[in-house]
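Q: Please take a close look at the pairs formed by charged side chains in the structure shown here. A connected account that also describes their surroundings would be welcome.

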Amino acid sequence: MEVEAVNKEEQQQRRPSPIMKMVTVAAIAAGVQFGWALQLSLLTPYVQLLGIAHKWAAFIWLCGPISGMIVQPVVGYHSDRCSSRFGRRRPFIAAGAALVALAVFLIGYAADLGHLFGDAHDQTPKLHAIAVFVVGFWILDVANNMLQGPCRALLADLSAGNQKKTRAANAMYSFFMAVGNVGGYAAGSYTHLHKLFPFTNTAACDIYCSNLKSCFFISIALLLGLTALALATVHETPLSELRGDTASDSEGSQVGREPFLGEIFRALRSMKRPMLTLLIVTCLNWIAWFPFLLFDTDWMGREVYGGKVGEGQLYGMGVRAGALGLMLNSVVSGLMSLAIEYLARGAGGVKRLWGVVNFLLAVCLGLTVLVTKRAESQRRFPSVTHGGGGGSIVDNEALPPPAGVKVGALVLFAVLGIPLAVTYSVPFALASIFSSTSGAGQGLSLGVLNLAIVVPQMLISVTSGPFDALFGGGNLPAFMVGAIAAAASGILALTLLPSPPPDVSPSPKPADVSSAK
C-alpha cells in the first residue's frame, strides 16, 4: 500500500521529463533487440553445429518464456521498492546489461570453452560446449527480462502519468526495437564480419562460428554503449526523497518486508477491470502472434518454397527469403512506430487503433492459406531430357515458386509490421496508464502484463507441433488458430477494453522526475 501512495504522490508532484531523456532510455531497446535478432537468425544453425538434437532444441527455447514469467514480476516488484541512491530502475538496468554481455560471451565462446574442457574436434555432440551454451542462453534470457522491464518502467516514471508522453515513450521503445532488429538481421546475413575480428577464428571455431562471435562482439558494444549513455544522462530521484526523508526509514523497512508472492496474489486478486481486460486482450493477441513468430521462416521454406528440412537446397532458399521478409517487417514496424500517435488520433484512440490492427493481423494470417495454396498450385519441377527418346523424368526437388508467389509472401511479412509495432507499444502504454490511475507500482504492473505474454508463448511452444501434426503437419493449422485469436482480441479491444482516462492537469509544484545532474 505504501508503494501505491508513493506512485500517486510522485505523479501529482512531478512533471514529465524532456523528450530527449526518454529517447536515450528507449534507445537501449535497440541494443537488446540487436542481440535478439542474432538469436533468431544465427543460433539455430549454431545449435546444430554443437550437436544438440532437434527434439531438445525446442526445450532450450522455452527458457525465454519461463524466465519471463518469473523474472519480470520479481524484478518489477523489487524495482518499485529499490531504495538505492542511484534510483529504483537504474541499478536493475545496469545489472541486466552486464549479465547480457556475460551471457553473449559464453554463447559465442561455447565451442572454444568446450574444447578447453575436453571436447574433441570431431566429437558429436560436444557435451561441454552444449553445457556452456545452455548456461549462457538461460543467463541471456534472464538478463533480457531483467533489463527490459525496468527500462519500460523508467519510461513510465519519466512520463509522470502524462498519457501522451507515456504513449510516445512506448512508441519510441517500439521504434528502437525495430532498429535493433534491422541491424541484427543485417549483421547476421553478412558472412565476412569475422575478418574484422581475426582472433575469433580458432581451432574449435570454424568460419560460421567466428562470424557469430563477431556479431556478438558488436552486440555487446552496442548494448553497453547505449546503456552507459542512458545511465549517465538520466538520473532518478531516490525512493527516500519521493516518500520524504522523515518517513523513509520506517516505511522503507515495512515495504521491504512485504512478501513478494503475497503482493503478486494481492495484485491479481484486486485487479481492476481495465487492467484485467487488458491482460485478456493481450493474451489473445499473443496467441495470435506466436505461431507466426516461431514458424514464419519455416513456413516460407516448407509451404511456400516446397522444400524439406535437410534435403536439397530449396528449404534453405525459403528460410533466407523468410529472413528477408523479417527485415521488411522490421522496417515497416519501425516506420509505423513513429506514426502511432497520429494514427491513434485518427482512429479515435489507442484502444480503437489496437482493435483495428488486430483485425489486420487476422486477415494477414488467413492470407497465409491463400499464398500456400497458390504456391502449391503453381509448383514446378525441372525435367531432365534423355537423348534420343525425347522423354523426360521429373526431378525430386521442385523449382522455386514464381515471382508473384514470393512477392505475395513478402508483402504479408511487410504488412504484418503494422500490427507488430502497435503490439510492442500500445499494451505497455495502457498498462502504465491504468497502473498510474490506480496508484499501483509500474514495475509490478508491467511484470504482471508480461505474464499475459509468456503464458501464451509457452502454450504455443509446447502444443503447436502436436496440433499441426493432427492435421497432417505444416504450419497452417496454428496460423488459423492465430487468426481466430487475433479477431477475438480485436473484438474485445473495441467492445470491452475501456478508454484511458483523460490526462490530469500538472501540479503547480513542477519538478523533473529525473534530476538535471
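A: A salt bridge is counted where a side-chain nitrogen of Lys or Arg lies within 4 Å of a carboxyl oxygen of Asp or Glu. The model is a predicted one, in which local features need pLDDT of at least 70 and side-chain atom pairs count only at pLDDT 80 or more, while totals for chains, interfaces and linings use all residues. Residues are numbered from 1 along each chain as its sequence is written, and side-chain values use heavy atoms, with hydrogens and water left out.

The structure holds seven salt bridges. One of them joins the side chains of D157 and R88, with a distance of 3.8 Å from N to O. D157 belongs to helix α8 (residues 127-159), whereas R88 is in the loop between α5 and α6 (90-108), so this pair ties together parts that lie 69 residues apart in sequence. The helices named here are DSSP runs (H or I, at least four residues), numbered from the N terminus. Both D157 and R88 are buried; buried means under 20% relative accessible area, exposed means over 50%, and partly exposed lies in between, for a 1.4 Å probe and protein chains only.

A second pair is formed by D112 and K213, whose closest N and O atoms are 2.9 Å apart. This pair also links distant parts of the chain, with D112 in helix α7 (residues 110-116) and K213 in helix α10 (residues 207-233), 101 residues apart. Both D112 and K213 are buried.

E341 lies in helix α15 (residues 314-347) and R167 in helix α9 (residues 163-189), so to speak two distant parts of the chain, 174 residues apart. E341 is buried, and R167 is buried as well.

Helix α8, which contains D157, has 33 residues and reaches 48 Å from its first C-alpha to its last. That span is close to the 48 Å expected at 1.5 Å a residue, the expected span being 1.5 Å times one less than the number of residues. Of the 33 residues of α8, 24 are buried, so this helix is largely enclosed by the rest of the structure. After α8 comes A160, whose phi is positive, near 55°. Helix α5 (residues 63-81) has 19 residues and a reach of 27 Å from first to last C-alpha, close to the 27 Å expected. At M69, α5 bends by about 30°, and a proline, P73, follows within four residues; the bend is the angle between axes fitted to the seven residues ending at a residue and the seven starting there. In α5, 14 of the 19 residues are buried, so this helix too is largely enclosed by the rest of the structure.

Charged side chains also meet aromatic rings. A charge is taken to sit over a ring if NZ of Lys or CZ of Arg is within 6 Å of the ring centre and within 35 degrees of the ring normal. The charged end of K213, the partner of D112, sits over the ring of Y109 at 4.2 Å from its centre. The charged end of R152 sits over the ring of F428, 3.6 Å from the centre.

Y109 in turn belongs to a cluster in which ring pairs link F105, Y109, F197, F199 and F217. Rings of Phe, Tyr and Trp (its six-membered ring) pair if their centres lie within 6.5 Å; planes under 30 degrees apart count as stacked, over 60 as edge-to-face and the rest as tilted. By this rule there are 14 aromatic pairs. Among them, F292 and W299 have ring centres 6.4 Å apart and planes at 55°, so the pair is tilted. Both of these residues, F292 and W299, are buried.

Helix α9, which holds R167, also contains Y185. Y185 is buried, with a relative accessible area of 9%. Y185 and M327 are 142 residues apart in sequence, with their C-alpha atoms 6.6 Å apart in space.
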